[in-house]
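Open the model in your viewer and keep the selection tool at hand. Each stop below names what to select and what is there.

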Amino acid sequence: MNLVYNGPMTSPKKVVNVHEAKTHLSRLLERVQAGEELTIAKAGRPVARLVPIAAPGKRPLGLDKGKGWIADDFNARLPDDILADFEGRD
């Protein structure tokens, strides 16, 4: 039997109760923003995790190039019956 854990070694997560989370939310968010992960427990049972979100990366331009088009008659006048519908006329 092998009792050696070969998984990633991470520091234990800090657990805070709901009262502490409500009282010190700003402080807890500062810790999370610095990279710490926190667990919120209610009556000793974990119910939520506060984890930092990844900063959005820079999106490269032109990913959808050539996928859209505009009709040649885009700016053409609408037929009178359709225009009347848009304007609420009968």
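## Stop 1

Select residues 80-87. This run is helix H3, and Phe 86 lies in it. The model is a predicted one. Show the side chain of Phe 86. Is it buried or exposed? Phe 86 is exposed, because its relative accessible area is 67%, and the cut-off for exposed is over 50%.

## Stop 2: The whole chain

Zoom out and colour by secondary structure. The protein has 3 helices and 3 strands. Follow them from the N terminus, and the order reads β-α-α-β-β-α.

How much of the protein is buried? Of the 90 residues, 12% are buried.

Contacts give another view of the fold. Take those between residues at least 6 apart in sequence: 20% of them join residues at least 24 apart.

## Stop 3: The largest nonpolar core

Hide the surface. Select Val 16, Ala 21, Leu 28, Val 32, Leu 38, Ile 40 and Leu 50. These 7 residues make up the largest nonpolar core. Which elements give two or more residues to this core? They are helix H2 (25-33) and strand S2 (38-42).

Centre on Leu 28. Set aside residues up to four places away in sequence, and Leu 28 touches Val 16, Glu 20, Ala 21, Leu 38 and Leu 50. Glu 20 is in that contact list.

## Stop 4: Strand S1 and Lys 14

Select residues 14-17. This is strand S1, and Lys 14 is found in it. Lys 14 counts as partly exposed because its relative accessibility is 34%, between the cut-offs of 20% and 50%.

Next, pick the C-alpha atoms of Lys 14 and Glu 37. They are 7.0 Å apart in space, while the two residues are 23 apart in sequence. What else does Lys 14 contact? Leaving aside neighbours within four places in sequence, its contacts are Arg 31, Glu 36, Glu 37, Leu 38 and Thr 39.

## Stop 5: Salt bridges

The structure holds 5 salt bridges. Visit some of them here.

Begin with Arg 31 and Glu 36, both also contacts of Lys 14. Arg 31 and Glu 36 form a salt bridge, with the closest N and O atoms 2.7 Å apart. Arg 31 is partly exposed, with a relative accessible area of 28%. Glu 36 is also partly exposed, at 29%.

Move on to Arg 77 and Asp 80. Their side chains meet in a salt bridge, 3.3 Å from N to O. Both residues are exposed.

Then select Glu 87 and Arg 89. Here the side chains meet in a salt bridge, with 2.7 Å from N to O. Arg 89 is partly exposed at 43% relative accessible area. Glu 87 is partly exposed too, at 48%.

## Stop 6: The end of helix H1

Select residues 18-23. This is helix H1, where Thr 23 has its place. Show the side chain of Thr 23 and the backbone of His 19. What is the distance between the backbone oxygen of His 19 and a polar atom of the Thr 23 side chain? The two atoms lie 2.8 Å apart. Thr 23 is partly exposed, with a relative accessible area of 47%.

## Stop 7

Finish at Ala 43. This residue is found in the loop between S2 and strand S3 (45-50). Most residues other than glycine have a negative phi. Ala 43 is not a glycine, yet it has a positive phi of about 55°. Is Ala 43 buried or exposed? Ala 43 is exposed, because its relative accessible area is 82%, and exposed starts over 50%.

Note on methods
Residues are numbered from 1 along each chain as its sequence is written. This is a predicted model: local features need pLDDT of at least 70, side-chain atom pairs count only at pLDDT 80 or more; totals for chains, interfaces and linings use all residues. Side-chain values use heavy atoms; hydrogens and water are left out. Helices (H or I, at least four residues) and strands (E, at least two) are DSSP runs, numbered from the N terminus. Buried means under 20% relative accessible area, exposed over 50%, partly exposed in between (1.4 Å probe, protein chains only). A nonpolar core is a set of buried Ala, Val, Leu, Ile, Met, Phe, Trp, Tyr and Cys residues joined through side-chain atoms within 4.5 Å. Contact means heavy atoms within 4.5 Å. A salt bridge is a side-chain nitrogen of Lys or Arg within 4 Å of a carboxyl oxygen of Asp or Glu. A polar contact is a pair of N or O atoms within 3.5 Å; within protein, one must be able to donate a hydrogen and the other to accept it, and residues adjacent in sequence count only if both atoms are side-chain atoms.
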